[in-house]
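Me: I would like to go through this structure with you. Could you begin with the sheet?

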Amino acid sequence: MRGGRWLVAENYSVRRRGRRFLVEVGGRRSEVAAPTIDLLVLRGVGEVSSDVLELASEEDVLIVFIGDGFFSWFAPPSKKDIGYVIGQWGARNILGDVFVDTYIDSSARFLESMGFDGNYVRIIGETYSDFWRSVEPRVETQLLVNVVEKTGLPLSFVEETYRLYLEFLEAEALNAVIRAGLSPHIDFLGKTLYSELALEFRAPLVWDTIRGFREPLPSRAESILKPFKSRVYGYVRVYGKNIYARKLIHSRAKGVARCSMNPGLRLRPLRWFR
Amino acid sequence: MKVIVVFDIPVEYDKLRREVREYLKDFGGSFLQYSVYTLDCDEKVLERIVSGINRILTKGGGRVDIFIPCKKCFDKVRVVDTYEV
């Protein structure tokens with residue numbers, strides 16, 4: 001499996017040299033061999049030359065651009081059959097429940113692992129009608145409050161770190177969705193497919209990493225991001241087995257694709273924190 | 001898998017030597033010594049690298065050896081380095 005590269009910078013520039021991306025940030029240069037990655041996430045303000053897009057297209061690399069208020073991407077041509085997208089449209093009313101189930105269960109268990117009562121989150125999950133307006137904000141607020149209470153970390157630090165981590169998690173989920181042949185725009189719950197796929201990984205990857213911070217807190221975005229990248233590119237435990245988190249994200253996207261193509265298949269929810 | 005590429009290209013083909021180095025760096029190759037690079041890649045990429053090196057060398061001459069040690073053997077590599085402080 002090819003890897004991904006993440007970049008957070010106030011001002012960056014990405015050029016092409018041969019089959020490499022030449023990344024320059026504040027006078028420092030590094031080269032990233034395009035055949036070794038499938039995802040390049042650029043967060044901040046910068047410039048990318050057009051031959052970088054050409055190289056990304058040739059080497060099948062997804063480039064995601066994240067900034068204040070925007071999340072966009074340059075996707076290489078899809079190698080998958082259009083049938084996946086058609087199947088995805090047909091499965092719209094079925095698969096959303098799986099994401100919600102995993103999200104609610106993992107959030108509740110995460111709270112319980114910190115010594116709080118997770119049933120409040122479960123009750124919110126049972127009464128959902130408009131998930132993104134009525135459930136997600138309440139669950140996330142509960143997680144935020146409890147993490148701050150348990151860890152003693154400043155609220156502003158937790159909020160900013162959470163937003164940063166979520167952006168990169170959704171970039172990884174977007175990569176998985178596109179590689180599975182699915183459309184990121186055809187959702188199951190009313191937002192985008194990659195945001196919905198990322199729901200399954202919020203508690204075990206985002207919140208679980210945040211609660212690991214101790215004083216003195218890092219101030220640079222790269223230092224804040226490092227433990228999260230290690231988590232996403234490291235092992236997690238699911239159903240009693242160790243698996244690469246990134247590989248699991250891709251497996252879930254492929255599972256969605258298979259279930260979209262075959263309505264007889266069922267995607268089972270993930271069970272974390274066991 | 002870990003791959004070690006060792007190349008021996010005659011002096012008169014300096015340009016080809018540079019081309020091979022740049023080509024290996026295109027695939028994530030790391031400099032180990034002059035004319036020795038290491039890479040981490042899969043079978044598919046390795047085939048691509050081999051055919052690319054073949055294409056470069058046919059323009060002149062030289063020899064490239066590609067070693068594919070297993071992880072155990074790679075971890076056993078011993079290094080004597082007088083440059084390291």
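Reply: In chain B, four strands form an open sheet of 4 strands in the order E2-E3-E1-E4, with antiparallel pairing. Strands here are DSSP runs of type E of at least two residues, helices are runs of H or I of at least four, and both are numbered from the N terminus. Two strands pair if DSSP finds at least two bridges between them. This is a predicted model, in which local features need pLDDT of at least 70 and side-chain atom pairs count only at pLDDT 80 or more, while totals for chains, interfaces and linings use all residues. Residues are numbered from 1 along each chain as its sequence is written, and chains are lettered from A and ligands numbered from 1 in the order in which they are written.

Me: Which strands stand at the edges of the sheet?
Reply: E2 and strand E4 (63-67) of chain B do; each has a single partner strand, so one side of each is left without a neighbour in the sheet. From one strand to the next, the twist averages 25°, with axes as lines fitted to C-alpha atoms (for helices over the stretch in contact) and angles running from 0 to 180 degrees between N-to-C directions.

Me: How many bridges join E1(B) to E3(B)?
Reply: Strand E1 (residues 2-8) of chain B runs antiparallel to E3(B), and 5 bridges join them. B:Val3 is opposite B:Leu39 of E3(B). E1(B) also pairs with E4(B) in the antiparallel sense over 5 bridges, and there B:Phe7 stands opposite B:Val64.

Me: And what about E2(B) and E3(B)?
Reply: They form a hairpin with 2 residues between them, and B:Ser35 in the turn has a positive phi of about 75°. The antiparallel pairing of strand E2 (residues 30-33) with E3(B) has 3 bridges, and B:Phe31 faces B:Tyr37 across it, standing opposite that residue.

Me: Moving to chain A, how is it divided?
Reply: Chain A has domain 1 (3-74) and domain 2 (83-261), with bounds from an automatic or database domain assignment. The centres of the two domains, taken over C-alpha atoms, are 25 Å apart. Their contact takes 12 residues from domain 1 and 11 residues from domain 2; residues are in contact if their C-beta atoms, placed from the backbone, lie within 7 Å.

Me: Which strand gives the most on the domain 1 side?
Reply: E4(A) does, with 4 residues.

Me: Now helix H1 of chain A: which residues are buried?
Reply: In H1 (residues 50-58) of chain A, they are A:Val52, A:Leu55 and A:Ala56. They cover an arc of only 100° around the axis, which puts them on the same side of H1(A); the arc is that of the directions from the helix axis to the C-beta atoms.

Me: What is on the face turned away?
Reply: That face of H1(A) carries the exposed residues A:Ser50, A:Asp51, A:Glu54 and A:Glu58. The buried residues of H1(A) pack against E1, strand E2 (20-25), E4, E5 and E6 of chain A.

Notes: Contact = placed C-beta atoms within 7 Å. Buried ≥ 20, exposed ≤ 12 C-beta atoms within 10 Å, placed from the backbone.
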